[in-house]
Amino acid sequence: MHTPALRSLITQTQASRSPTLRLHTGKPHHTPSAIRNHLLYPQTDVAIIGSGITGLSVLLTLLDDHPDLNITVLEARSLCSGATGRNGGQLAANAGEEYLHLVEEFGREGAGEIVRFTFENLRKMRELVRTFAVEESEVQEVVKVRVFLEDDGFERFKRSVEVLERDTPDFKGIYTILDREVLKREYHLDGAGGALLPAGTIWPYRLVTKIFACLLERYRHRLNIETQTPVTSITFDATSPSCPYILHTPRGGLRATQIAHCTNGHAGHLLPGLRGPIYPFKGTMTVQDAGNIMPNRGGDLSWGFHYPVMYDKQSSRYAAGLYYLMQNTKTGFFFFGGEDTRIDNCLSADDSWVEEGSITHLQEKLPHFLGHDGAEQWRLASGWSGIMGFSADGLPIVGRAQASMTGRQGDGEYVAAAFNGYGMANCLLSGEALAKMMMGTDVSAWLPKAYGIHERRLKEPLTVDHAIKSFELDA
């Protein structure tokens, strides 16, 4: 696929999400939330667009810290129906794999900020489960086995971990390196090598919807949750300085003083200046039942399989470089995801369908990874797609939205988006940081500087050209 076509895909219009949800097998992996919209009130202090973990975190922080605020959450479909409700439930950071790259791009200090932030975010996720006593989330403390399928990737990973431990001694021992023989003998996995690290698994949809329900009950006098209410456009009314933003929806208009954009890969829909610097990436998930072939290790293990990212211009094939796997402790079903398909199947904002070949590919790959020759005895329980948000420089974007992003007057719009496939390790604290920024609190002591919105980042590398280059370098 030539550069103009790739540019078109990356900068495609990111339309608001359709209320329709069509899963591949017709068997949803969760029961839709009972929370429904009521009367759309005409005015609010803060409008939060998006009801995933990021939007929830913004809401929690504002409700806790500012008892006088009226807040409205708007969701285009049912509650938590975006990336949070569709992901693989991995509570794991990618510090070991990415540390060398982060040092090259942001220096030791900047890389250290990112590593500490992601690990703290994972700790806060577990704390959130305990605070709200959400047993339905099925959170598990596990050891994650990272398997590197090729020698070059394993060697770079080992160097990356060595530098991480040298620069940040408090992370020494987080990773346990496994050579090829130990990986095969102890874990029955084939690869050039691997590593163990503390991690977790969770059912994020259940966590988020339960907490939203608790908050709605507790703060009903100043919290509205409006589902099936896509924001189609936003206008700025300078004649109403106390409530200048009008959010247009099929159910009517809503005036707001401030707006938090928490729509991740869909951020470009309402922030046109971010179409391209943030682009949607459609991932595929399956639930597979191995019957009695495999033991249930969901209570102690999760898995990741790493290989070189590949993009071939001639065939338009894109292989994302990672498969991720967890097992449900109650059913024994495997939750398995990853991408190896045409690039136009990936660079899409439409998660209402999933490409048939992606499902088949995952059915073929999983038995092979776990030491079985064929998929004949593995049953596909469910399959679906979800839209992740990626950025041109590979990092989240958190802060006040500039006029070049919004195309509107005013300085009351904020955005937290582009979690690059690692939302569980970034969303919660990014949402908290965004809420505090909205209320004028300084978060520079703990939010990584590299996540911020500033002129140098907007000029380069947060550009469409840089996003295209990141694909073509792998060709």
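Visitor: Which residue stands opposite phenylalanine 148 in β6?

Guide: Glycine 193 of β6 stands opposite phenylalanine 148. Before we go on, a word on the source: this is a predicted model, in which local features need pLDDT of at least 70 and side-chain atom pairs count only at pLDDT 80 or more, while totals for chains, interfaces and linings use all residues. Residues are numbered from 1 along each chain as its sequence is written, and side-chain values use heavy atoms, with hydrogens and water left out.

Visitor: How many bridges link strand β4 and strand β6, and in which sense do they pair?

Guide: The general idea is that two strands pair if DSSP finds at least two bridges between them. Strands (E, at least two residues) and helices (H or I, at least four) are DSSP runs, numbered from the N terminus. Here, β4 (residues 140–148) and β6 (residues 193–201) are antiparallel, with 9 bridges. β4 is also joined to strand β12 (residues 301–306) by 6 bridges, and these two run parallel. In that pairing, arginine 146 has glycine 304 of β12 as its bridge partner.

Visitor: Let me try strand β11. How many of its residues are buried?

Guide: Buried means under 20% relative accessible area, exposed means over 50%, and partly exposed is in between (1.4 Å probe, protein chains only). In β11 (residues 278–289), 12 of 12 residues are buried. Both faces are covered: one side includes Lys282 and Thr284, the other includes Phe281 and Met285.

Visitor: Which strands pair with β11?

Guide: One is β16 (residues 379–391), antiparallel to β11 over 12 bridges. There, threonine 284 faces serine 385. Another is β15 (residues 334–342), also antiparallel, with 4 bridges to β11. Methionine 285 stands opposite glycine 337 in β15.

Visitor: Now the helices. At what angle do α2 and α11 pack?

Guide: Two packed helices are described by the angle between their axes and the distance between the axes. Axes are lines fitted to C-alpha atoms, for helices over the stretch in contact, and angles run from 0 to 180 degrees between N-to-C directions. Helix α2 (residues 53–65) and helix α11 (residues 427–438) pack at about 45°, with their axes 7 Å apart. Angles under 35 degrees count as roughly parallel, over 145 as roughly antiparallel, 65 to 115 as roughly perpendicular and the rest as oblique. α2 and α11 are therefore oblique to each other.

Visitor: To finish, is isoleucine 177 buried or partly exposed?

Guide: Isoleucine 177 has 36% relative accessibility, so this residue counts as partly exposed. Isoleucine 177 lies in strand β5 (residues 176–179). Leaving out residues up to four places away in sequence, isoleucine 177 touches Phe154, Phe157, Lys158, Gly194 and Ala195.

Visitor: Where is glutamate 455?

Guide: Glutamate 455 is in helix α12 (residues 455–459). With a relative accessible area of 53%, glutamate 455 is exposed.

Notes:
Contact means heavy atoms within 4.5 Å.
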